[in-house]
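Subject: Structure handover

Hello,

Here is the structure I said I would pass on. My notes on what was found in it follow below.

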Amino acid sequence: MKITIVSSSYPPSLWNSTGRTTYSIAQGLSELGHTVTVVTYNPAVGDKVAKDKNVKIQYLGVDGSATLPIDKCSIWQKSVESVS
């Protein structure tokens, strides 16, 4: 089954429970044989596709700010829809 997870962050870290949770779910589903894509916001990386083991990571960046600006939400939403 193809599964797309949209998360505010992906990389697991000590300080980021959302990233750790997303990582665990994505990797677990991948191990069960599912095709998993994680779509996440990361302006430092910009629009980029990466691979973490068997999980495809689609980074979407809108601008250089550290958080997603409210006025950019619709742009980000369109990007998410085009990926999934």
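Contact here means heavy atoms within 4.5 Å. With that cut-off, threonine 22 touches Ile5, Ser7, Ser9, Tyr10 and Val38, leaving aside residues up to four places away in sequence. Please keep in mind throughout that this is a predicted model.

Threonine 22 belongs to helix 1. Is it buried or exposed? Threonine 22 has a relative accessible area of 7%, and buried means under 20%, so this residue counts as buried.

Four strands make up an open sheet, in the order 1-2-4-3, and the pairing is mixed. Strand 1 and strand 3 are the edge strands, each of them pairing on one side only. From one strand to the next, the twist averages 20 degrees.

Going through the pairs in sheet order, strand 1 and strand 2 run parallel and are joined by six bridges. Within that pair, threonine 4 stands opposite threonine 37 of strand 2. Strand 2 also pairs with strand 4, again in the parallel sense and over six bridges. Here threonine 37 faces lysine 56 of strand 4, and valine 39 has glutamine 58 of strand 4 as its bridge partner.

The remaining pair, strand 3 with strand 4, is antiparallel and has five bridges. Aspartate 52 is bridged to valine 55 of strand 4. The hairpin of these two strands has two residues between them, and lysine 53 takes a positive phi there, near 60 degrees.

As for burial, six of the seven residues of strand 2 are buried, leaving that strand mostly covered. In strand 4, five of the six residues are buried, so the strand is largely enclosed by the rest of the structure.

The helix

Helix 1 covers residues 17-31, which is 15 residues. From its first C-alpha to its last it reaches 21 Å, close to the 21 Å expected at 1.5 Å a residue. Helix 1 lies across strand 1, strand 2, strand 3 and strand 4, and runs at about 175 degrees to strand 1.

Which residues of helix 1 are buried? They are Gly19, Thr22, Ala26, Gln27 and Ser30. Viewed down the axis of helix 1, the buried residues fall within an arc of 120 degrees, so they line one face of the helix. The buried residues of helix 1 pack against strand 1 (2-7), strand 2 (35-41), strand 3 (48-52) and strand 4 (55-60).

After helix 1 comes glycine 33, with a positive phi near 100 degrees. Glycine 33 sits in the loop between helix 1 and strand 2. Its relative accessible area is 58%, and exposed means over 50%, so glycine 33 is exposed. The C-alpha atoms of glycine 33 and asparagine 54 are 9.4 Å from each other, although these residues are 21 residues apart along the chain.

The cores

The largest nonpolar core has nine residues: Ile3, Ile5, Tyr10, Ala26, Val36, Val38, Val55, Ile57 and Tyr59. Strand 1, strand 2 and strand 4 are the elements that give two or more residues to this core. Which of them supplies the largest share? That is strand 4, with three residues.

Apart from this core lies another, of five residues, including Val39, Tyr41, Leu60 and Trp76.

Back in the largest core, alanine 26 is one of the members and is also among the buried residues of helix 1. Alanine 26 touches Ile5, Tyr10, Val36, Val38 and Val55, again not counting residues up to four places away in sequence.

Regards

Key: Residues are numbered from 1 along each chain as its sequence is written. This is a predicted model: local features need pLDDT of at least 70, side-chain atom pairs count only at pLDDT 80 or more; totals for chains, interfaces and linings use all residues. Side-chain values use heavy atoms; hydrogens and water are left out. The expected span of a helix is 1.5 Å times one less than its number of residues. Buried means under 20% relative accessible area, exposed over 50%, partly exposed in between (1.4 Å probe, protein chains only). The arc is that of the directions from the helix axis to the C-beta atoms. Two strands pair if DSSP finds at least two bridges between them. A nonpolar core is a set of buried Ala, Val, Leu, Ile, Met, Phe, Trp, Tyr and Cys residues joined through side-chain atoms within 4.5 Å. Axes are lines fitted to C-alpha atoms, for helices over the stretch in contact, and angles run from 0 to 180 degrees between N-to-C directions.
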